[in-house]
Every structure is written in C-alpha cells, then in structure tokens.
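These are notes for a colleague opening this entry for the first time. Please read them with the structure on screen.

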Amino acid sequence: MTARIAVIDDEAPNRAYLHTLLGLAGFEVQVATGGNEGVALVEKERPDLVLVDIMMPEVDGFMVCERIRKGPAGAATQIVVLSAADGIDGKVRALELGADEYLVKPIESRELVTRIKVMLDRAERLRQQGSQLRGRLTVVAGAKGGIGTSTVAMNLAALAAGGKAPETVALADLAVPVGTLASMLNIPVPDHWGWGELLNDGAASVHRLSSYLMRNPQVPLRLLPGVRRGSAYRDVRPDAVSGFATSLRGLGETIVADLGNQPSPFAFPLLREADVILIVVEPEVICVELTGQFLERLKETGILSHRTRLVISNPHGSLQLSRTEVATTLKMEVAAMILYQRDEFSAASKRRLPIVIQQPQIPAAAQFKELVQAIAAI
Ligand SMILES: Nc1ncnc2c1ncn2[C@@H]1O[C@H](COP(=O)(O)OP(=O)(O)O)[C@@H](O)[C@H]1O
Ligand SMILES: [Mg+2]
C-alpha cells in the first residue's frame, strides 16, 4: 500500500517542491496551505505521516502538532516538523507537543526522503506486531434500555487496565441507534460517525481503527466512539462486521464492547467472536422475561452459553427478584450483582467518570471487581 503524506506549508514554492520530491519517491501526497486547513485534512484523510512547517501565520506548526494529537486523528499519524529555526527551545516544544521528528531546513532531499521512509517502515513493523495481537474480547449486551448496560461495560473496561498502560484496554461503543459512552466519559467526538465509513470500505484494519480511538486522560482506556445521531449504521454489511470483530481484538489486550439493547448489524458477528458475553439484567419480571427471549435467540443461532454470564444491575432499586431467582429463571450463572446505589452513581455520572475511578472505595467498585474476577476464569 502506498504511504500517504500530508504537507502543511503556507509557502507555495515549498509545497510544490515537497509535493514533487515525495511524489517522485512514490508517496501519495496531499497539501494544505495553512494550519487550520492542515488539521482538517489530517482528520479527514488520516495520512500515515504529516510534514509541517513551523512558521505559518495564525495557526503555526506547534499548534498543528498539538491539535492533531488532541484530535480524532490521535496518536496514529507521525508528525515531522520542518523548520528553518535551529533553536533548542523550539525543538523541545515541538517534540513535547507531539512531533515525532524535528528537521532543520535546508535539508538534503535524499536525507529527507530516507528519514521519512525509515519512520514509515518502523511504524509498519510495529503495526504488524500490533495486528498479531489477539486481545480478549468481552461483549456486554442488555435486552432492554436504561438498565445499566453501558455502565457495566464502561466500569469493566476502566478496571481492566489495573495499573497497566491505557493502551492495553479498548472500549468499543457499538450501541445503536446512538452510542452514549463518549458522553458518559466526557470525550468530545466529531459530529459524524468517522470509523463507520471504514466498514463499508472493507478496510477496517487495526491500524485504521486505532486512529479513531479517543481518551479522557483521567480514565485508563481508549474509546472507539459510538454511532452519532443520524449516522447510517443500518447500511453496514454483516460480512464487513465479521472482519471488524477480528480487527477489534488488535486494539489492546482487553477489549470491551457495549452492544446496547437494540438489534444491529454488530450484534451477531460480535457475539460469535466474543470470548465472554455478559448479559445485563435488572432483577424485575419484565426485564427477566425479555432476557429469557434474548437468550433463546442466542441459542438458536448457535452462540454457546458456556461463554455467557448474567450481570444483575439494579439502577431503579427494584426489589422484585433475588440473585438466585434470576439465575434459576434464566438457567444461567450470575457473575456479579451491582446493587442499587442511587447517590453514588448519580455523583459519578455527573462527574462523567466511571464509578470505579471516581469513588474506588465504595461497594459498587467492589462489585465491579467481583465481576472482573468472575469472568477472568471463563
Ligand atoms: N446500580 C446502579 N444504581 C443506581 N444507578 C445506576 C446503577 N447502574 C446504573 N445506574 C444509572 O442508570 C442510568 C442508566 O445507565 P446506562 O448504563 O446508561 O443504561 P443502558 O446502557 O442500559 O441504557 C445511568 O444514569 C447510570 O448512572
Ligand atoms: Mg447504553
């Protein structure tokens, strides 16, 4: 695959020179004439590498580095700063803001091309190692809305990192028609549903997908944001989703997916691929009945129950059914029970943080830990 490079430079002769040089070296080159245009280009096209000039009016190269790193193109793009200034302060600042390399102009064309090739080769090697990674996939689903499905998925993922780097855990929001995890985690995402387009391109590679992962620095995980209002998730083809389910595993050691409570093109490919399926159920008769019907459908489609567990979640404080009654009625093991804790959940949700992060000492956190332990052995 031809590597793609974006050139951001306000001076036309520089753009023309780099366009020709890199084009001749076999790269696909796109150009932007300033910082704002450059950041927009990078977010839209997700190039493999960005070459950016430092001295530009309005949005300069430093701001471009910072905005790319903080934006949805995130960590996946490599950034090379080209500058006539050789001062140490500027170099340090550019690197601290997210540049991977700082090159001082004038630079020999042969050196520039070679450096770019070396950087891209190295990234490709790391990517291939990454795509061999087969993380453990836990899928969380409910038979009804408003019962805490997303809360379970989010807290499970937040606990999974367990002191390790945030890169080890990915949380995928696959709930339709609208995903709520980005707002529950206070992660601003663009209006359109970016990565959904990858599915229909048939190119949901680990690398492309990981460029859509986003973070709230207070939470040790990366989020694949959910469907936005008005996005055409219904057009997603089931065969494209099968490949996607496999790619998801490349995103970390632990992947937790929120499937929500509505039928969707994601449901069966993901349930088939999952190592662990958690069915969230509220301890009251209607929800238990709907859950029973959902479990029947799973059985009919050959999805094996030995990977499936119930999680009792009680966001409305229902006192109708006990843990044993739920397990007996549904003929399935209960991995954990998250009790009704109105004020604690309300405080966590107001702060837009998982309760296990916001209030790690309270019973709810212990109940989520019980869940992690119960599914570790599956
Ligand atoms: N055990 C609980 N006790 C009290 N409130 C809870 C509990 N679990 C979840 N909630 C709250 O219930 C609401 C719905 O949860 P959510 O996870 O969005 O449900 P779903 O994904 O099933 O629609 C949220 O405001 C959440 O904070
Ligand atoms: Mg939800």
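1. The protein is divided into two parts: domain 1 covers residues 4-130, and domain 2 covers residues 134-376. Taken over C-alpha atoms, the centres of domain 1 and domain 2 are 37 Å apart. Please keep in mind that the model is predicted.

2. Of the elements, helix 6 gives the most, with 3 residues.

3. Which residues come nearest to ligand 1? There are 16 residues around the ligand, and those that come nearest are G146, I147, S150, T151 and L339. By type, the residues of the shell divide into 7 nonpolar and 9 polar, with no charged residue.

4. A polar backbone atom of G146 is 2.8 Å from an oxygen atom of ligand 1. For I147, a backbone N or O atom lies 2.9 Å from an oxygen atom of the ligand. At L339, a backbone N or O atom lies 2.8 Å from a nitrogen atom of ligand 1. As for cover, ligand 1 has 570 Å² of accessible area on its own, and the protein covers 77% of that.

5. The backbone has some features that a reader may want to look at individually. As background, most peptide bonds are trans, and most residues other than glycine have a negative phi. The peptide bond that joins K105 and P106 is cis, with omega at about -5°. P106 is found in the loop between strand 5 (101-104) and helix 5 (109-131).

6. A cis peptide bond also joins V176 and P177, where omega is about 5°. The place to look for P177 is the loop that runs between strand 7 (169-173) and helix 7 (181-184).

7. K331 lies in the loop between helix 13 (323-330) and strand 12 (334-338).

Key. Residues are numbered from 1 along each chain as its sequence is written. Chains are lettered from A and ligands numbered from 1 in the order in which they are written. This is a predicted model: local features need pLDDT of at least 70, side-chain atom pairs count only at pLDDT 80 or more; totals for chains, interfaces and linings use all residues. Side-chain values use heavy atoms; hydrogens and water are left out. A residue is near a molecule or strand if one of its heavy atoms lies within 4 Å of it. A polar contact is a pair of N or O atoms within 3.5 Å; within protein, one must be able to donate a hydrogen and the other to accept it, and residues adjacent in sequence count only if both atoms are side-chain atoms. Accessible areas come from the Shrake-Rupley method with a 1.4 Å probe; for residues, only the protein chains shown count as cover. Helices (H or I, at least four residues) and strands (E, at least two) are DSSP runs, numbered from the N terminus. Ala, Val, Leu, Ile, Met, Phe, Trp, Tyr, Cys and Pro count as nonpolar, Asp, Glu, Lys and Arg as charged, and the others, Gly among them, as polar. Domain bounds come from an automatic or database domain assignment.
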